[in-house]
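Look at the chain as a whole before turning to its parts. The paragraphs below go from its surface to its elements, and then to one pair of helices.

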Amino acid sequence: MFAERSHDHNMTTSASTTRDFDRPTRVSFRGGRITVDFARREVRVDGQLAKLCGRALDVLAALIERRTRLVTKQELLDLVWLGVVVEENNVEVQVFALRK
């Protein structure tokens with residue numbers, strides 16, 4: 001599988017275009033104090049493992065993948081919950097968990 005390193009935020013990506021968050025299109029992301037290992041589904045802040053539920057990590061992955069533009073609540077619902085009918089406040093709950 002072809003991989004390239006992006007020059008911004010030390011992000012490693014692969015050529016895959018899958019939307020399945022269990023098989024992310026990137027391997028890792030590092031920005032500021034945060035390191036995300038998508039293969040292991042781990043987030044570290046200042047080197048310390050952060051506890052995140054799966055949905056919060058999926059929201060984070062969607063936001064990182066689209067970090068150069070505005071991402072709407074509806075887009076996150078469509079990407080992360082994949083057709084499952086959920087209340088809009090689920091996005092707010094997951095974003096709140098990420099901000100902690």
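The protein chain exposes about 6,900 Å², and carbon and sulfur atoms supply 52% of this area (accessible areas come from the Shrake-Rupley method with a 1.4 Å probe). Of the 100 residues in the protein chain, 30% are buried, meaning under 20% relative accessible area. This is a predicted model, in which local features need pLDDT of at least 70 and side-chain atom pairs count only at pLDDT 80 or more, while totals for chains, interfaces and linings use all residues. Residues are numbered from 1 along each chain as its sequence is written, and side-chain values use heavy atoms, with hydrogens and water left out.

The protein chain has three helices and six strands (DSSP runs, H or I of at least four residues for helices and E of at least two for strands, numbered from the N terminus). Read from the N terminus, the order is β-β-β-β-β-β-α-α-α. Among contacts (heavy atoms within 4.5 Å) between residues at least 6 apart in sequence, 27% join residues at least 24 apart.

How do two of the helices meet? Two packed helices are described by the angle between their axes and the distance between the axes. Helix 1 (residues 54-65) and helix 2 (residues 73-80) pack at about 120°, with axes 10 Å apart. The two are therefore oblique to each other, since angles under 35 degrees count as roughly parallel, over 145 as roughly antiparallel, 65 to 115 as roughly perpendicular and the rest as oblique. Helix 1 contributes Arg55, Asp58, Val59, Ala62 and Leu63 to the contact, and helix 2 contributes Leu76, Leu79 and Val80.

Conventions: Axes are lines fitted to C-alpha atoms, for helices over the stretch in contact, and angles run from 0 to 180 degrees between N-to-C directions. Buried means under 20% relative accessible area, exposed over 50%, partly exposed in between (1.4 Å probe, protein chains only).
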